[in-house]
Amino acid sequence: MKHYLQFNDLSADEYTYLFERAALIKKKFKAYEKHHPLADRTLAMIFEKASTRTRVSFEAGMYQLGGSVVHLTTGDSQLGRAEPIEDSAKVISRMVDLVMIRTFEQTKIERFAADSRVPVINGLTNEYHPCQILADIFTFIEHRGSIQGKTVAWVGDGNNMANTWLQAAALLGFKVHVSTPRGYEVDEKLAAGAGGISASSYQFFSNPLEACRGADLVTTDVWTSMGYEAENEERKKAFADWCVDAEMMAAARPDALFMHCLPAHRGEEVQAEVIDGPQSVVWDEAENRMHVQKALMEYLLLGRIA
Ligand code: CP
Ligand code: NVA
């Protein structure tokens, strides 16, 4: 049994399979072709933080695969009344086939997985967001072909998304230019997680414009992630120069793409002219969450389908 708790949990070879499979699954979806490999299977989705894309993509995706879903939140389950996570894992995993969790500390999802009888998927933690990077790389491949040898510019917080980009770069052979304000750098040990990040795939820039120079993809995220709301005002001041604008996009390659996992704040981490401009692929990126996660759920439950 495999869990998907961080990007490092799958190999480069498994990603090659998943990207091909996601493309096929997407094609079937667009053609209204029935694809029910997970008939009679149930996915439990546990949300301890808000979500739009993750909820809709997993829920719609699971129904499209012929399965069904149970939606739980901290507020409407015993998780919010301090039932131990291990007990919750033992109970929930006796009744469903797959669990997706969005929560705070990575240790929480690891503790759940340790006591789960079924595969567990990380739907975002403070440390990682592997399903999003899975969708982002799939989106890059759709528009530009292989990401191997390419350069991704990360402008903003050294957060869950940045950590996951670094894991992916080391695993799939591309480079990440990271620019964060002082005090918000990536924690390399945390980013490395179970598998490691490699020095050749990661370069730090104090100037965000320099990070974008020659990049094939420019990407950013909110200045204040969920769980850090108390720091919002302080962050607004620290991040003022880390706003992706037309000048940064002009420093990147002429065919560079722009991505943002969303939700976005125009005028903060990105200017409207960029996110709503011709280089932006954010809507494909959001839609692709569903296609890649369908491929992931199918893989975790059924393995490779020839
Ligand atoms: N990108 C993403 O995970 O969006 P949600 O917070 O809406 O799920
Ligand atoms: N870094 C953001 C991503 C939201 C999808 C957060 O954790 O809130």
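Visitor: What makes up the shell around ligand 1, by class?

Guide: In this predicted model, the shell around ligand 1 has three nonpolar, four polar and one charged residues. The residues that surround ligand 1 are Ser51, Thr52, Arg53, Thr54, Leu124, Gln132, Cys261 and Leu262, and each is counted because its C-beta atom, placed from the backbone, lies within 6 Å of the ligand.

Visitor: Why is ligand 1 said to lie between domain 1 and domain 2?

Guide: The domain assignment of the protein chain gives domain 1 (7–128 + 288–302) and domain 2 (132–285). Both domain 1 and domain 2 give residues to the shell around ligand 1, so ligand 1 lies between them.

Visitor: Which residues surround ligand 2, and what is their make-up by class?

Guide: Ligand 2 is surrounded by Leu124, Asn159, Asn160, Met161, Asp221, Val222, Ser225, Met226 and Cys261. By class, five residues of that shell are nonpolar, three are polar and one is charged.

Visitor: Why is Leu124 called buried?

Guide: The criterion asks for 20 or more other C-beta atoms within 10 Å; Leu124 has 28 C-beta neighbours inside 10 Å, and therefore Leu124 counts as buried. Leu124 lies in the loop between strand S4 (120–122) and helix H5 (130–144), and its backbone has a positive phi of about 120° although Leu124 is not a glycine.

Visitor: Is Asp40 buried or exposed, and how do you know?

Guide: A residue is exposed if 12 or fewer other C-beta atoms lie within 10 Å, and Asp40, with 9 C-beta neighbours inside 10 Å, therefore counts as exposed. Asp40 is another non-glycine residue with a positive phi, in this case about 70°, and is found in the loop between H1 and strand S1 (42–47).

Visitor: What makes Gly66 partly exposed?

Guide: Gly66 has 14 other C-beta atoms within 10 Å, a count that falls between the limit of 12 or fewer for exposed and that of 20 or more for buried, and so Gly66 is called partly exposed. The place of Gly66 is in the loop between helix H2 (53–64) and strand S2 (68–73). Leaving aside neighbours within four places in sequence, Gly66 is in contact with His36, Pro37, Leu38 and Ala39.

Visitor: What makes helix H5 mostly covered, and what covers its buried residues?

Guide: Of the 15 residues in H5, 11 are buried, and among them are Pro130, Gln132, Leu134, Ile137 and Phe140. What covers the buried residues of H5 includes H1, S4, H6, strand S8 (217–220), S9 and H12. Just after H5, Gly145 takes a positive phi of about 85°.

Visitor: How do you know that the span of H5 is close to the expected one?

Guide: The expected span is 1.5 Å times one less than the number of residues; H5 has 15 residues and reaches 21 Å from its first C-alpha to its last, which is close to the 21 Å expected.

Visitor: Which residues touch the most other members of the largest nonpolar core?

Guide: The largest nonpolar core has 89 residues, of which Ala153, Trp165, Leu166 and Val218 touch the most other members. Its largest share, nine residues, comes from helix H6 (residues 160–172), and the core draws at least three residues from each of domain 1 and domain 2. Not counting residues up to four places away in sequence, Ala153 touches His177, Ala211, Cys212, Ala215, Leu217, Val218 and Ala252.

Visitor: How do you know that domain 1 and domain 2 are in contact?

Guide: Contact requires C-beta atoms within 7 Å, and on that basis 19 residues of domain 1 are in contact with 22 residues of domain 2. Helix H1 (12–30) and helix H12 (282–302) each supply at least two residues of the side of domain 1 that touches domain 2. That side has, by class, 11 nonpolar, four polar and four charged residues.

Visitor: What is the omega of the peptide bond that joins Leu262 and Pro263?

Guide: Omega is about 10°, and the bond between Leu262 and Pro263 is a cis peptide bond. Pro263 is found in the loop between strand S9 (257–260) and helix H11 (272–275).

Technical notes. Residues are numbered from 1 along each chain as its sequence is written. Chains are lettered from A and ligands numbered from 1 in the order in which they are written. This is a predicted model: local features need pLDDT of at least 70, side-chain atom pairs count only at pLDDT 80 or more; totals for chains, interfaces and linings use all residues. Ala, Val, Leu, Ile, Met, Phe, Trp, Tyr, Cys and Pro count as nonpolar, Asp, Glu, Lys and Arg as charged, and the others, Gly among them, as polar. A nonpolar core is a set of buried Ala, Val, Leu, Ile, Met, Phe, Trp, Tyr and Cys residues joined through C-beta atoms within 7 Å. Helices (H or I, at least four residues) and strands (E, at least two) are DSSP runs, numbered from the N terminus. Domain bounds come from an automatic or database domain assignment. Two residues are in contact if their C-beta atoms, placed from the backbone, lie within 7 Å.
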